[in-house]
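Please read the numbered points below with the sequence and the structure side by side. They take up a few residues in turn.

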Amino acid sequence: MRQVLSTLIYAWFPEGERPLFPVTGAWDSIKQLGAVSDSGETFFLPCGENFNSDTTIRLLDALQTEFGEKICVVLDNASYFTANAVQEFVEDTPIELCYLPRGSALVNPAEECWRQLNQELGNRLFDTLDDLRDAALSALNRIEVPNVFTYLYP
């Protein structure tokens with residue numbers, strides 16, 4: 001049986017003792033890219049593989065479909081967002097990309113969504129990846145969406 005672990009936020013156990021959990025050493029995870037709109041909407045895209053230029057292109061295409069033909073997307077400087085394939089894809093679309101300065105996670109409202117998700121799922125042990133996925137989707141529906149403008153115009 002594989003078990004899926006979440007981030008340990010706080011732990012309480014008797015002094016001198018440490019609880020043991022059966023694990024195989026193999027980690028399963030779910031991966032999602034997310035966005036927050038200027039009108040307070042969120043958009044989350046499940047990804048089957050690690051983030052790369054293809055997943056970024058899927059995200060941009062989905063955002064354009066969801067929010068309108070002409071959009072401006074603010075991204076951090078992760079390599080999968082700045083890849084040449086992404087730049088080439090955007091050239092043929094009305095999507096405008098704007099990049100945050102390196103190391104500026106505090107001005108990225110999507111990071112607040114991930115912080116809330118981690119807070120909600122922390123200290124929980126999930127028996128299956130499906131259990132984790134269900135809990136994450138449920139938690140994402142309860143996220144208090146940050147106001148984009150307080151991040152971009154402090």
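1. In which loop is Val145 found? Val145 is found in the loop between α5 (129-141) and α6 (148-152), where helices (H or I, at least four residues) and strands (E, at least two) are DSSP runs numbered from the N terminus. This is a predicted model, in which local features need pLDDT of at least 70, side-chain atom pairs count only at pLDDT 80 or more, and totals for chains, interfaces and linings use all residues. Residues are numbered from 1 along each chain as its sequence is written, and side-chain values use heavy atoms, with hydrogens and water left out.

2. Val145 is partly exposed, with a relative accessible area of 30% (buried means under 20%, exposed over 50%, partly exposed in between, with a 1.4 Å probe and protein chains only). Leaving aside residues up to four places away in sequence, Val145 touches Val36, Gly40 and Thr42, contact meaning heavy atoms within 4.5 Å.

3. Asn108 sits in the loop between β5 (95-99) and α4 (109-121), and it is buried, with a relative accessible area of 12%. Beyond residues up to four places away in sequence, Asn108 touches Asp76, Leu100 and Tyr151.

4. The structure holds four aromatic pairs (rings of Phe, Tyr and Trp, the last by its six-membered ring, with centres within 6.5 Å; planes under 30 degrees apart count as stacked, over 60 as edge-to-face and the rest as tilted). Phe43 and Phe67 have ring centres 6.4 Å apart and planes at 70°, so this pair is edge-to-face. Phe43 is buried at 15% relative accessibility, whereas Phe67 is partly exposed at 30%.
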